[in-house]
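Please look over the sequence and the model below before reading on. The text then goes through the parts in turn.

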Amino acid sequence: MIIDVNVPQFSESISEGTLVAWKKQVGEAVARDEILVDIETDKVVLEVPAPDAGVLVEIMKGDGEMVKANERIARIDTTAVATSVATAPSAAAPPISAAALAAVSPAARKILEEKGIPAAAVSGTGRGGRVTKEDALAAQLALATPVTPASASSQTAAAPSALGERIEERVPMSRLRARIAERLIQSKNENAILTTFNEVNMAPVIALRKQYGEKFEKTHGVRLGFMGFFVKAVCAALEKFPILNASVDGNDIVYHGYVDIGIAVGSPRGLVVPILRNASDLSVADIEKRIAGFSEKAKDGRLTIEELTGGTFSISNGGVFGSLFSTPIINPPQSAILGIHATKERPVAENGQVVIRPMNYLALSYDHRIIDGREAVLSLVTIKETLEDPARLLLKI
């Protein structure tokens, strides 16, 4: 019996995706629930499993092609034998390109096609033997023929090549990168963005981590980091100034009776922002556990659409990369975002004396259409005061 392989149903915020790489070729046997292909959307990479065991007899969409929800992309014969289908494929099946059969990434395929290098001649180092962009570039360099000068005049003419070939490469944006670009332009064009700055002495938080870090990890099974304190300090500020937790919808201001904080984390596909839902109800341990889980999922590409959807406020931690100062861009439809940076020892004045303290610059970008400077500045002061006196979190003052 012939059955269809269809694109999964996307969430309401996603209309289409891009086929990344087929993991099976026409004529190969597949097991039930075996992953056949990855589909990249502007939020996550979805894995498409085989609906039943059988033989893959037809592929209708190749690597790099656009697909929509529920669209048919392949067919499986549940009664066929792999060897027979491999030697006698269906006459109705469209031809599959060598690039698709060799599981070549879109970026690598473009390089190979431009240079006329057959995909079959390139050994893939990616997952499952997939040919990556780096493999294609290595093959291109390996096939390059150096020019041997025959005379002094030819040596002079060839001299510039000693500097090395000036290679340029044009690679399409991934759907995630294109979506990030779109949202950043949207934020810049639609929001009246201002940024206010302050600095915080991190010595009290560092002392708490030093005093209780070991016990905390033994009790909760996760390290006591800084983000738990930053998130709780933000929640305290949003409770005092709920306008920073609001959003604009046309001519209306929407006040949210909950705090869902987006935590910007890096991934191999780019920046993603998973959401800490009901953050104000979470303990520091809960926050640290969820952030650790987000980081692991981001590395493996396992974040779900639900984990990346929503949010009423965001935190961006450029400090993990060494950033000392930045102006974060609001993540629409949110109205504010906090940027935190690397903690560095700096000379500061205390009670008329110059002392060395571990200082961190804070940057709060906000939409001036609905947030006045007073609320923005005072909310940042609240964050600063909470971090410099963490006991406020227990006393809620």
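What follows covers confidence, a sheet, and the packing of several helices.

The model is predicted. Its mean pLDDT over the chain is 83, and 85% of the residues reach 70 or more. Two stretches call for caution. Over residues 83–102 pLDDT stays under 50, and the model has 23 contacts there beyond four places in sequence. Over residues 145–161 pLDDT also stays under 50, with 2 contacts beyond four places in sequence. Where pLDDT is low, predicted coordinates should not be read in detail.

Next comes the sheet. Strands of a sheet pair through backbone hydrogen bonds, in either a parallel or an antiparallel way. Here an open sheet is built from 4 strands in the order β5-β4-β2-β7, and the pairing is antiparallel. At its edges are β5 (45–49) and β7 (66–68), each of which pairs on one side only. From one strand to the next the twist averages 40 degrees. Within the sheet, β2 (residues 16–22) and β4 (residues 35–40) are joined in the antiparallel sense by 4 bridges. For orientation, Leu19 stands opposite Ile39 in β4. Helix α6, made of residues 175–190, lies across β2, β4 and β7 and runs at about 150 degrees to β2.

The other packing to follow involves helix α8. Two packed helices are described by the angle between their axes and the distance between those axes. Helix α8 (residues 227–240) and helix α10 (residues 373–388) have axes that come within 8 Å and cross at roughly 140 degrees. The crossing in which α8 passes α10 is right-handed. On the α8 side the contact includes Phe229, Phe230 and Ala233, which are among the residues that meet a group in α10 including Ile383 and Leu387. By class, the residues of this contact of α8 with α10 are 8 nonpolar, 3 polar and 1 charged.

Helix α8 also packs against helix α9 (residues 284–300), at an angle of about 120 degrees and with the axes 8 Å apart. These two helices, α8 and α9, are therefore oblique to each other as well, and the crossing of α8 and α9 is right-handed. Met227, Gly228, Val231 and Lys232 of α8 meet Val284, Ile287, Glu288 and Ile291 of α9. The contact of α8 with α9 has 5 nonpolar, 1 polar and 2 charged residues.

Notes. Residues numbered from 1 in each chain as written. Predicted model: local features only at pLDDT ≥ 70, side-chain atom pairs only at ≥ 80, totals over all residues. Heavy atoms only, no water. Pairing = 2+ DSSP bridges. Axes fitted to C-alpha atoms, helices over the stretch in contact; angles between N-to-C directions. Contact = heavy atoms within 4.5 Å. Left-handed = near helix turned anticlockwise from the far one by under 90°. Nonpolar A, V, L, I, M, F, W, Y, C, P; charged D, E, K, R; others polar. pLDDT = per-residue confidence, 0-100. Parallel < 35°, antiparallel > 145°, perpendicular 65-115°, else oblique.
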